[in-house]
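This report goes through one protein chain, from its overall layout to a few single residues. Please keep the sequence and the model in view while reading.

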Amino acid sequence: MPKGYFVCYSCGKRAELSTEERPCEVLSGWLTVSHWKGPGAVEHYNFCSFTCLKTWADAQAPKIPEAFLRAFEEEKDE
Ligand SMILES: [Zn+2]
């Protein structure tokens with residue numbers, strides 16, 4: 001019987017945790033992001049791969065990569 005399970009926040013893939021296993025074994029290769037929202041408020045997101053983490057992060061902040069690219073371009077001109 002699984003003790004619980006982790007779900008990839010991006011693609012929905014499940015990693016089941018049985019009573020004999022530790023979370024570190026089941027989540028090997030996974031990534032967990034802690035989103036600190038304020039005092040006593042923190043949300044954890046699990047991702048099964050860097051691809052899933054990137055997909056999710058890009059969706060959260062679609063304008064940031066573009067701003068970074070522009071900053072590099074400006075640096076090059078000087
Ligand atoms: Zn995934």
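A residue is called buried if 20 or more other C-beta atoms lie within 10 Å of its own, exposed if 12 or fewer do, and partly exposed in between, with C-beta atoms placed from the backbone. Glu-20 has 7 C-beta neighbours inside 10 Å and therefore counts as exposed. Glu-20 sits in the loop between β2 (14–18) and α1 (23–26). Its C-alpha atom is separated by 9.0 Å from that of Lys-3, 17 residues away along the chain.

The model is predicted: local features need pLDDT of at least 70, side-chain atom pairs count only at pLDDT 80 or more, and totals for chains, interfaces and linings use all residues. Residues are numbered from 1 along each chain as its sequence is written. The predictor's confidence in each residue is its pLDDT, on a scale from 0 to 100. The protein chain has a mean pLDDT of 85, and 82% of its residues reach 70 or more. Confidence is highest in β4, with a mean of 94, and lowest in helix α3 (residues 64–77), with a mean of 68.

Helices (H or I, at least four residues) and strands (E, at least two) are DSSP runs, numbered from the N terminus. The protein chain contains 3 helices and 4 strands, in the order β-β-α-β-β-α-α from the N terminus on.

Strands pair if DSSP finds at least two bridges between them. Strand β3 (residues 31–38) and strand β4 (residues 41–47) run antiparallel and are joined by 7 bridges. Two of the facing positions are listed here.

| Residue | Partner in β4 |
|---|---|
| Leu-31 | Phe-47 |

Strand β3 is hardly covered, with 0 buried residues among its 8. Ser-34 belongs to β3 and counts as exposed because it has 9 C-beta neighbours inside 10 Å. Two residues are in contact if their C-beta atoms, placed from the backbone, lie within 7 Å. Leaving aside neighbours within four places in sequence, Ser-34 is in contact with Val-42 and His-44. Ser-34 and Asn-46 are 12 residues apart in sequence, and their C-alpha atoms are 9.1 Å apart in space.

Which residues make up the largest nonpolar core? A nonpolar core is a set of buried Ala, Val, Leu, Ile, Met, Phe, Trp, Tyr and Cys residues joined through C-beta atoms within 7 Å. The largest one has 5 residues, namely Tyr-9, Phe-47, Cys-48, Cys-52 and Leu-53. Beyond its neighbours within four places in sequence, Tyr-9 is in contact with Tyr-45, Asn-46, Phe-47 and Trp-56. Of the 78 residues in the protein chain, 8% are buried.
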